[in-house]
Amino acid sequence: MPTLDVSELNVVIAVLGGFMLLYGVISVKIKRFWYLGEALPAVLVGIILGPAAARLLDATEWGSAVKDQQEAITLGLCRVAIGVQLVMAGYQLPAQYQRYHWKEMFICLIPNMTLMWLLTSGCVMASIPDMPFVSALVIGSCVTCTDPILSQSVAKGPFADKYVARELREIISSEAGINDGFGFPFLMLATYIMRHAQGDVGGSHKAQGLSSDHLMARAGDVGRQGGGVGEALGNWVVETWLYYVVLGAVYGVVVGYTALHVLRFTLRRKWIDSESYLLFPTALGLFILGTCGCIGTNDLIACFCAGSALNWDGGFLAETEARHDEVNASIDVLLNFGGFMYIGAIFPWGEFHQPDLTGITYPRLFLLGVMVLLLRRIPSILLLYKLMPRVCKNWKEALFMGYFGPIGGSPSPGMLHNEKRPAELLHLGIGAVFYVEHTRHLFPKPGEGDEVETQLMRVIGPTVYWLVFFSIFIHGLSIPALNAIYTAAGVPPVVDPSGPAEIRPLSANQALPKNSYLNAKRRSIMLFNRFSRANYPGNLGWELPFVHDDRHEQSGAPNPPTFHLQSMGHHI
């Protein structure tokens, strides 16, 4: 006898599959003509189908519907999505990128992130009432990192292929990849100060009759513990920097470099098939996430370092291109769809306006969003860009780099490379959500700590989730708006001075990428500003037609300085 089974599992997989089908049939329009990518549509669908509207997606009702399970589900999902995509972001950078750009990376990670942290914390204090400075530092650390997934949409998407110089795209992608895990020192410094250098040991916990065992049951050593500033700084250096950051980076490098030599060995003997080879980054990411979780070190930094080490000689990326890798791009898309739809479904709408409990109101949150958008990253990049002349050549590029630093904390890497789609890191989105859920486990639950801790736990969720929502929508709509402005102003597409990259089309029905040209004689496509390049063909020269726009072209080889090509008018 047929029976209806409208279970949570069936509803979730039906919704995810249905959205992917509808998005897929017009994906070229969405990505390459409307420049919307995957994040914004997926979040909108999650909001519409979530508890705030249709109630089809509700993480609190999944499985056994255990109390507080949504926090654990969110943290686990974000870890997997970010970790896998960080490995992909690492191997898609040029060989030994971190070695040749260590100065730029140091500037982005130390002075730039410190300024971003302090400026963001100041914005939080200015917009949220009765917010102590150290509590603001905790919240600010959650949104200091640039999201690897959302940033990738800026670094590797169709708009970037058309208008953004490759050096600038590479530093944005690399910074988003490594700084996702680099936000922990800022978070833990503020946490250790609250834990050891402020308040009374036990404080209001004893007044509420809560034992230390009860307080530590949430996630180990939480709540006020005393010890002073020296104890706080000692734990910060030893536990955070040495064990969490340094050990995580070293572990990632060792695993990635070992994997590089293992793959070399197996490739020479032809022991590994294409499917296993192309799935290697995903498997590597999952392995690192699991092992780092077991030993308690930084899995995000480890994943990115492993991806960079995996392609240290450039061979892994070259081999994936030779095998026409579409596997990693497809996994990336699947993670983005699921991750952003889930985020849209869990926005705490009921907490965005609580004037009596937290003092948070929609006008205050809107003010916070605008302040963070303008002050979080733009001033620090404008102040420091002259120290990075190789990757950021003028104030216009600095302004672009500063504005398009979506809130996240785990791989920009977003609307990736158009015809291969290397891992796109998720904006201010998944990374910031990961950080806020991780932070919840560092402090007592609301009502179980003292007044300051309780206020922090009540405020951090709606504040960070609102900034995620604000960033996804503002940055998601900024690319289409900027493209319209560039088109109206007649800004020509960018051409990589190194020359075009050549790829072979796999189908006559394949859409032509942005800023490219179909070479009918060679039966290939020339990409004039490709992000991810394993090599630079030397036999192409500049013997290519000069195309001014989509409608007019003329023959002849232009001089490289004025060589601007963009043709979507030819079809394979």
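This is a predicted model: local features need pLDDT of at least 70, side-chain atom pairs count only at pLDDT 80 or more; totals for chains, interfaces and linings use all residues.

Student: Okay, how many disulfides does a search of the whole structure find?

Tutor: The search finds zero disulfides, where a disulfide is a pair of cysteine sulfur atoms within 2.5 Å. Cys 142, for instance, is in no disulfide, and the nearest cysteine sulfur, which belongs to Cys 145, is 9.1 Å away.

Student: Is Cys 294 buried or exposed?

Tutor: Cys 294 counts as exposed because its relative accessibility is 70%, whereas Cys 142, at 0%, counts as buried. Here buried means under 20% relative accessible area, exposed means over 50%, and partly exposed lies in between, with a 1.4 Å probe and protein chains only.

Student: Switching to rings, how many aromatic pairs are there?

Tutor: Searching the whole structure gives 32 aromatic pairs. Rings of Phe, Tyr and Trp (its six-membered ring) pair if their centres lie within 6.5 Å, and planes under 30 degrees apart count as stacked, over 60 as edge-to-face and the rest as tilted. One of the pairs is Phe 182 with Trp 241, which is edge-to-face at 5.6 Å centre to centre and 75° between the planes.

Student: Where in the chain are those two?

Tutor: Phe 182 is in the loop between α10 (166-179) and α11 (184-196), and Trp 241 is in helix α14 (residues 228-268), so the pair links distant parts of the chain, 59 residues apart. Phe 182 counts as buried at 12% relative accessibility, while Trp 241, at 22%, counts as partly exposed.

Student: Which rings are linked into a cluster?

Tutor: The cluster linked by ring pairs includes Phe 347, Trp 349, Phe 366 and Phe 470.

Student: What sits over the ring of Tyr 277?

Tutor: The charged end of Arg 323 does, 4.8 Å from the ring centre. A charge sits over a ring if NZ of Lys or CZ of Arg is within 6 Å of the ring centre and within 35 degrees of the ring normal.

How values were computed: Residues are numbered from 1 along each chain as its sequence is written. Side-chain values use heavy atoms; hydrogens and water are left out. Helices (H or I, at least four residues) and strands (E, at least two) are DSSP runs, numbered from the N terminus.
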